[in-house]
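Have the structure open while you read, and click along as you go.

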Amino acid sequence: MEAPTDTRIAGRPLVGRSVAFWGMSATLGLLLFASSTPSPLYVVYQREWGFSDITLTSVFAVYALALLASLVFAGSVSDQIGRRPAIRFALIIEIATMVLFAEARDVGWLFAARIAQGVATGIGMGAISAALIDLQPADSPRRGALMGAVAPLTGLAIGALGAGLLIEYGPDPTHFVFWLLAGAFALCLLFVAAIPDPVDGVPLRVGMLRPNVEVPPALRVAFLATLPCLIAVWALGGLVLSLGGSLTAGVIGDDSHLVGGLPIFVMAGVSAIMSVRLRNAHARATARGGLAALVAGLAVVLLGLQVGSIAIFLLGTAIAGLGFGPAFAGAFRALSNQAPLDRRASFVSSILVVSYLAFSLPAVLAGAAVTQLGLHDTADIYGIALIVLAATALPLSGQLRDPQSEVAAQPATA
């Protein structure tokens, strides 16, 4: 199978492009698996160490803010030094992060671990997402962007469920899972040394670590049109990951740690499945349908909280998941495949910066609001605001273009 004409393979890879592509997809999923693993543990740490709800959401948010900083300053560095060195550096930091979590003694350790994890995930996501587009098969130009959206969602889903199961039934839940993940990332580190690198990189210089998040002029209108969609989708993700366990315990009254991880598992899992099922649909159609499902799902979530039903609450997260994945995947696919090779990581970083700002800042505001309004009222206000934002994003999604679909739809000429 031929490589795309703008892709250069540097070094001497020990594995082929196909193996490298799927290995990098798994590595990206594992990064997000690790990022969601602490979420069901927050209520355990909170009970053991006695910190407040605002501290809980702040522990969550510093991860996203550190991730943002790494995207802004180093998210595009793989365009210059190569994909392999950037991914390798991210994995080394991630292994150190897992050790911090495994040895955590108080909430200060959690802050340190989440900050380090944000840095590792930001560098890793930018480099791996770009590498997936570089390494995708020439006859399947959507696959890289698709896996750039599906792999993180799959990792989030499995990480939340796995952590919930370990907390409920496994040994030493606040330590064992992190040692397992440290070993898994060590294996990923070995694998990265064997993959082809599409970028003929140069040695890292301090001057490269500067803000370098850009949107190519030709893509600015489409990028601006997707902002409400990205914000609505990821603000919902931030709410579920930071306060999902607290909502099931504090509002619905089910304090099972497994149930606390189910909202994340259901929403992210359904999102990943639907993103794959709709992979051949036009980006505009998947974004519009996704936003409509997001509105419906949020309405059902609020109903479940109102009547105190875990079944209705989880049904709402499932419906929202029908929208979360397709809406993000459609927007991501429509934008990322149009970026040139030498700006690909910086443009992907731009998309992720917006996504993670929406992921973190509303969750911090929600944590602060909980102390004044209570958990239930805060969730109601948050949910209604997201419904309004998603409804606003619907007409703007008409600006999305999907070059592959449009080319495929054109009749052949003689």
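1. Ground rules. This is a predicted model, so local features are kept only at pLDDT of at least 70 and side-chain atom pairs only at pLDDT 80 or more, while totals for chains, interfaces and linings use all residues. Residues are numbered from 1 along each chain as its sequence is written, and side-chain values use heavy atoms, with hydrogens and water left out.

2. The overall picture. The chain has 15 helices and zero strands; both are DSSP runs numbered from the N terminus, helices being H or I of at least four residues and strands E of at least two. Of its 414 residues, 57% count as buried (buried is under 20% relative accessible area, exposed over 50%, partly exposed in between, with a 1.4 Å probe and protein chains only). Take the contacts between residues at least 6 apart in sequence: 87% of them join residues at least 24 apart. Contact here means heavy atoms within 4.5 Å.

3. α5 against α8. The axes of α5 (residues 83-102) and α8 (residues 176-192) come within 9 Å and cross at roughly 165 degrees. That makes α5 roughly antiparallel to α8. For reference, axes are lines fitted to C-alpha atoms, for helices over the stretch in contact, and angles run from 0 to 180 degrees between N-to-C directions. Angles under 35 degrees count as roughly parallel, over 145 as roughly antiparallel, 65 to 115 as roughly perpendicular, and the rest as oblique. The crossing of α5 and α8 is left-handed, meaning that the near helix is turned anticlockwise from the far one by less than a right angle (clockwise would be right-handed).

4. Who makes that contact? On the α5 side, look for residues including Ile87, Leu91, Ile95 and Met98, and on α8 for Trp179, Leu181, Phe185 and Leu189, among others. The contact of α5 with α8 divides into 17 nonpolar, no polar and three charged residues. The classes are Ala, Val, Leu, Ile, Met, Phe, Trp, Tyr, Cys and Pro as nonpolar, Asp, Glu, Lys and Arg as charged, and the others, Gly among them, as polar.

5. α1 on α8. Helix α1 (residues 17-36) packs on α8 at an angle of about 155 degrees, with the axes 11 Å apart. The two are therefore roughly antiparallel, and their crossing is left-handed. Among the residues that meet are Val19, Gly23 and Leu30 in α1 and Leu181, Phe185 and Cys188 in α8. The α1 contact with α8 has 13 nonpolar, two polar and no charged residues.

6. α11 and its end. Just after α11, Gly308 takes a positive phi of about 70 degrees.

7. Pro196 is in the loop between α8 and α9 (220-251) and counts as buried at 3% relative accessibility. Its C-alpha atom is 7.1 Å from that of Ala20, 176 residues apart along the chain. Ala368, in α13 (residues 344-373), counts as partly exposed at 33%. The C-alpha atoms of Ala368 and Asp53 are 7.6 Å apart, across 315 residues of chain.

8. Buried or exposed: which is Thr97? Thr97 lies in α5 and counts as buried, at 0% relative accessibility. Leaving aside residues up to four places away in sequence, Thr97 touches Ala113, Ala116 and Gln117.
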